[in-house]
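Subject: Handing over a structure, with notes

Dear colleague,

I am passing on the structure below, and I would be glad if you could look through it alongside the notes that follow. They begin with a single residue and then widen to the whole chain.

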Amino acid sequence: LDGQRKLLFVDRKKEIRLLFSLHVDSFNIEGLRIRGATSSSTVISMAPLGLPADLRYKAECIYLAAIIPGPREPSLEALNHYLRPVINPLVASWERGVFHSRVAGKLDGCVSRSAIAAAVMDLVAARKTAQLASHSAHQYCTVCTCSQRNTRGRTDFANWCPRDPIAL
């Protein structure tokens, strides 16, 4: 069994590993306005990474997990409620596997394990999805104690102090 665990995606015999990219994005449903966005909707979707690049992002291959209606983007806490039904089944699938009794090319069926391999989104959506503060927040760094505007763009990494995860 240990030898099989080391083979992440190559020659898994009776097991299929499926990888997906997760996409979370909010957009203005009324188009661009001079005054800025007045209402926003959010989309959560996944694309199968096992397909060739020219097929992977076609509408018929995308899994549309949720459309969250506006008029506002969901808060940090509210986004968790929409992501949980997407993430939890993938965790169970990866840990236990899902048995399929009929699969093309495998007469005895097979077990599949699914996981998210990449998160494809802009910085605002990525930080919100990961439950991190906005890029414009005072305590903007997730790794060190850099804060306030005067520390942005600092490259003297020898002077950075790591954050204490217990204190968070």
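**A buried serine and its surroundings**

S45 has a relative accessibility of 8%, and therefore counts as buried (buried means under 20% relative accessible area, exposed over 50%, and partly exposed in between, with a 1.4 Å probe and protein chains only). This is a predicted model, in which local features need pLDDT of at least 70 and side-chain atom pairs count only at pLDDT 80 or more, while totals for chains, interfaces and linings use all residues. Residues are numbered from 1 along each chain as its sequence is written, and side-chain values use heavy atoms, with hydrogens and water left out.

S45 belongs to strand β2 (helices, H or I with at least four residues, and strands, E with at least two, are DSSP runs numbered from the N terminus). Apart from residues up to four places away in sequence, S45 touches S21, L22, H23, I62, Y63, L64 and A65, where contact means heavy atoms within 4.5 Å.

The protein chain has 4 helices and 5 strands, and from the N terminus on its elements follow the order α-β-β-α-β-α-β-β-α. The 5 strands make an open sheet with mixed pairing, in the order β3-β2-β1-β5-β4 (two strands pair if DSSP finds at least two bridges between them). Its edge strands are β3 and β4 (98-100), each of which pairs on one side only. From one strand to the next the twist averages 30 degrees, with axes taken as lines fitted to C-alpha atoms, for helices over the stretch in contact, and angles running from 0 to 180 degrees between N-to-C directions.

Strands β1 and β2 run antiparallel and are joined by 9 bridges, and D25 stands opposite V43 in β2. On to β3 (residues 63-68), β2 pairs in the antiparallel sense over 5 bridges, with Y63 in β3 as the bridge partner of M46. The pairing of β4 with β5 is also antiparallel and runs over 3 bridges, and there F99 has V111 in β5 as its bridge partner.

**The nonpolar core**

The largest nonpolar core has 13 residues, and those with the most contacts inside it are L22, V24, I44, M46, L79, L83 and M121 (a nonpolar core is a set of buried Ala, Val, Leu, Ile, Met, Phe, Trp, Tyr and Cys residues joined through side-chain atoms within 4.5 Å). At least two residues of this core come from each of β1, β2, β3 and α3 (76-96), and α3 gives the most, with 4 residues. Setting aside neighbours within four places in sequence, I44 is in contact with a range of residues, including L22, V24, L64, L79 and L83. In soluble globular proteins, nonpolar side chains tend to be buried together.

The structure holds 2 salt bridges, a salt bridge being a side-chain nitrogen of Lys or Arg within 4 Å of a carboxyl oxygen of Asp or Glu. In one of them the side chains of E15 and R17 meet at 2.9 Å, N to O, and both of these residues are buried. R113 also forms a salt bridge with E15, with the closest N and O atoms 3.0 Å apart; this pair links distant parts of the chain, as R113 lies in strand β5 (residues 110-119) and E15 in strand β1 (residues 15-28), 98 residues apart. R113 is buried, as is E15, and E15, R17 and R113 are linked in a network of salt bridges.

Leaving aside neighbours within four places in sequence, S114 is in contact with L18, F20, L90, S93 and W94.

**The chain as a whole**

Of the 168 residues in the protein chain, 26% are buried. Among contacts with a separation of 6 or more, 43% are between residues 24 or more positions apart.

With best wishes
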